[in-house]
Amino acid sequence: MPTSLYTFFQTAFPDDHRRVALEAPDREGMGKAVRASWTYGELESIVARYASLMSELTLRRGDRVAVQVEKSPEALFLYLACLRGGFVFLPMNTAYRMDEVDYLIGNAEPSLMVCEPEREAEMVEIARRYGRMQVLTLDVLGRGSFAKAAANVRNAQPPVDCASKDLAAILYTSGTTGKPKGAMLSHGNLAANGLALREAWAFSDSDVLLHALPIFHAHGLFVACHTALLSGTRMIWLTKFDAKQVMQHLPRATVFMGVPTFYTRLLDEPAFDKALVTHMRLFTSGSAPLLAETFDEFRSRTGLAILERYGMTETGMNTSNPYEGERRAGTVGFPLPGTEARVMAGDATECATGEIGDLQVRGQNVFSGYWRMPEKTAEEFAEGGWFKTGDVALVDPEGYVHLVGRAKDLIISGGYNVYPKEIEELVDDMPEVLESAIVGVPHRDFGEAGVAVVVLNEGASLDEVTLIGRLKEKIANYKVPKRVAIVETLPRNTMGKVQKNLLRETYRDACK
Ligand code: MLC
Ligand code: AMP
């Protein structure tokens, strides 16, 4: 039985290595020098070369490899090479600005950073400050100093035999307080979850996954890629989500995974109809709540029920609506095999059926803790290894889990998490600002979006455009509030706490 995730993948790769693993239609017609499809044999040899290059760069097992590049097949191969070589993959959202990247590098201390060629100079500057990080480049077409050096590797080394508990990846998540935390995911965590999903969603080597998600977060990288690679399927690899492009390739696919915004954007296309999807076996949704009206409209337009599942960076996927059986709108289904879930009324009391409480999960899929934050890790686990998700839920009499809210102050916008605290700190630092509150309100396209409610210092002036412009220089665009309201005071309760529920009510139509 293998313990390294890459070895798990290898056991599932087709015996016939000439079968196609990945095709990148975005690259078709770009000439002979730009490859647009890879067989499993080719994937294996590129991954071996990439891993061997990292060893030649003197990276050792357990060293972190930070990656901030556009989505490309080569970016996926780089991830697989880290798994194969025993290096720890640290993906970063391409939208992160330098301040955000700087913090992650300082915290994770990677030995290698692979970035877009345009960002090389900035990364070298950061590397100089932190001492030991090497910087190489990889662009969206798979070119750059990393690929060039890999092409010269002569002796491919054998895969490293990682133990199940060895770290495979660190994914940073922000938080309701403080700085981003690195969720440490082991080979065993990722393998357990990938295998559970392969079974639960009945993946086989005759599937074709249309992949349009970004690969710097758990959904696109783990949920989508792992189920495909653990089944030896073909992936159609799109650089980013574009409704028309997805529709163009759906007729050749059998499975599609998306955040709810993907589905609302597809439904906005008049040509998205039954004929386009009759051969499709499965559409899944997650990362954010799928509105019942989206589920219903999709079903009436296509005759198919979207399968909604629920997970987190720290845990991978926890629950899923059934593959066989009734998929219920507004629910996230049942715990996956190997994962336990319970709803707690307090530290020691479990809720009765139908009662609302804090959702906790346990299983091999659950991470081991936050990178170099033992106290924070201890706070997030209850006795017995139960992880406190921060989601508020109930379990109905038939066992379906319903997410009914969040204990954590979090906005989920188009499937990306935005922590108000991080934005409030930046707004409060502006010299004109006395205080601020960021709240999530309904957004037609992104489901939810942030509104900044701001109190200025006496006599100061600051307008929406200036405030938004300043934030865009510091943080990823998707975190920037879509609207700003300047007010006299923030509503507070008797304890002095800002009443965000009142603000959400006041500004509920601000982003419609
Ligand atoms: C882009 N923008 C967003 C945004 N995405 N704003 C808020 N929320 C988002 N999600 C900004 C852009 O920067 C731009 O700002 C403006 O909105 C319009 O951009 P766009 O061109 O319409 O956006 P697009 O590039 O099409 O991206 C939208 C999207 C993308 C939905 C395709 O956000 C996306 O791929 N989301 C998927 C997120 C995901 O994979 N989450 C998984 C996390 S893992 P401006 O100011 O320049 O106009 C996880 C665990 C689990 O949660 O359970 O799965
Ligand atoms: P992340 O930290 O990006 O992994 O986001 C995890 C959070 O996304 C969870 O704690 C939930 O709040 C939310 N989430 C994931 N899937 C769903 C879903 N199907 N419905 C509602 N919320 C979800």
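# Contacts, helices and salt bridges in a predicted model

Leaving aside neighbours within four places in sequence, Asn 107 is in contact with Tyr 172, Trp 371 and Arg 372. This structure is a predicted model.

Asn 107 sits in helix H4. Its relative accessibility is 17%, so Asn 107 counts as buried. Just after H4 comes Glu 109, which takes a positive phi of about 50°.

The side chain of Asp 102 meets that of Arg 129 in a salt bridge, 2.8 Å from N to O. This pair links distant parts of the chain. Asp 102 belongs to helix H4 (residues 98-108), and Arg 129 to helix H5 (residues 120-130). The two are 27 residues apart.

## Salt bridges

Side chains of opposite charge can pair when their charged atoms come close. How many salt bridges does the count come to? It comes to 36.

| Pair | N to O distance |
|---|---|
| Glu 42 and Arg 35 | 3.0 Å |
| Asp 102 and Arg 129 | 2.8 Å |
| Lys 244 and Glu 269 | 3.2 Å |

Take the pair of Glu 42 and Arg 35. Glu 42 has a relative accessibility of 27%, so it counts as partly exposed. Arg 35 is partly exposed too, with a relative accessible area of 38%.

Now take Lys 244, which forms a salt bridge with Glu 269. Lys 244 lies in helix H9 (residues 243-249), while Glu 269 lies in the loop between helix H10 (260-267) and helix H11 (274-277). The pair therefore ties together parts that are 25 residues apart in sequence. Are its members buried or exposed? Lys 244 is exposed, because its relative accessible area is 56%. Glu 269 is buried, because its relative accessible area is 14%.

Salt bridges can also join into a network. Here Glu 326, Arg 328, Asp 396 and Glu 398 are linked in one.

## Helices H2 and H3

Two packed helices are described by the angle between their axes and the distance between the axes. Helix H2 (residues 40-56) packs against helix H3 (residues 73-85) at an angle of about 65°. Their axes are 8 Å apart. The crossing of H2 past H3 is right-handed.

Which residues make the contact? From H2 come Leu 43, Ile 46, Val 47, Ala 48, Tyr 50, Ala 51 and Met 54. From H3 come Glu 74, Phe 77, Leu 78, Leu 80, Ala 81, Cys 82, Arg 84 and Gly 85. By class, the contact of H2 with H3 has 12 nonpolar, 1 polar and 2 charged residues.

A polar atom of the Ser 72 side chain lies 3.0 Å from the backbone nitrogen of Ala 75. Not counting residues up to four places away in sequence, Ser 72 touches Arg 27, Asp 139, Val 140, Ile 215 and Trp 237.

Thr 3 is found in the segment before helix H1 (5-12). It counts as partly exposed because its relative accessibility is 30%. Not counting residues up to four places away in sequence, Thr 3 touches Phe 8, Asp 161, Cys 162, Ala 163, Ser 164 and His 187. Thr 3 and Asp 161 are 158 residues apart in sequence, but 7.4 Å apart in space, C-alpha to C-alpha. A polar atom of the Thr 3 side chain lies 2.6 Å from the backbone oxygen of Cys 162.

Gln 364 occupies the loop between strand E17 (357-363) and strand E18 (369-370). Its relative accessibility is 61%, so Gln 364 counts as exposed. Leaving aside neighbours within four places in sequence, Gln 364 is in contact with Gly 188, Asn 189, Ala 192 and Gly 338. Gln 364 and Thr 7 are 357 residues apart along the chain, and their C-alpha atoms are separated by 18 Å.

Note on methods:
Residues numbered from 1 in each chain as written. Chains lettered and ligands numbered in written order. Predicted model: local features only at pLDDT ≥ 70, side-chain atom pairs only at ≥ 80, totals over all residues. Heavy atoms only, no water. Helix = DSSP H or I, 4+ residues; strand = E, 2+ residues; numbered from the N terminus. Buried < 20%, exposed > 50% of the residue type's maximum accessible area, 1.4 Å probe, protein only. Contact = heavy atoms within 4.5 Å. Polar contact = N/O pair within 3.5 Å; in protein donor to acceptor, adjacent residues only side chain to side chain. Axes fitted to C-alpha atoms, helices over the stretch in contact; angles between N-to-C directions. Left-handed = near helix turned anticlockwise from the far one by under 90°. Nonpolar A, V, L, I, M, F, W, Y, C, P; charged D, E, K, R; others polar. Salt bridge = Lys/Arg side-chain N within 4 Å of Asp/Glu carboxyl O.
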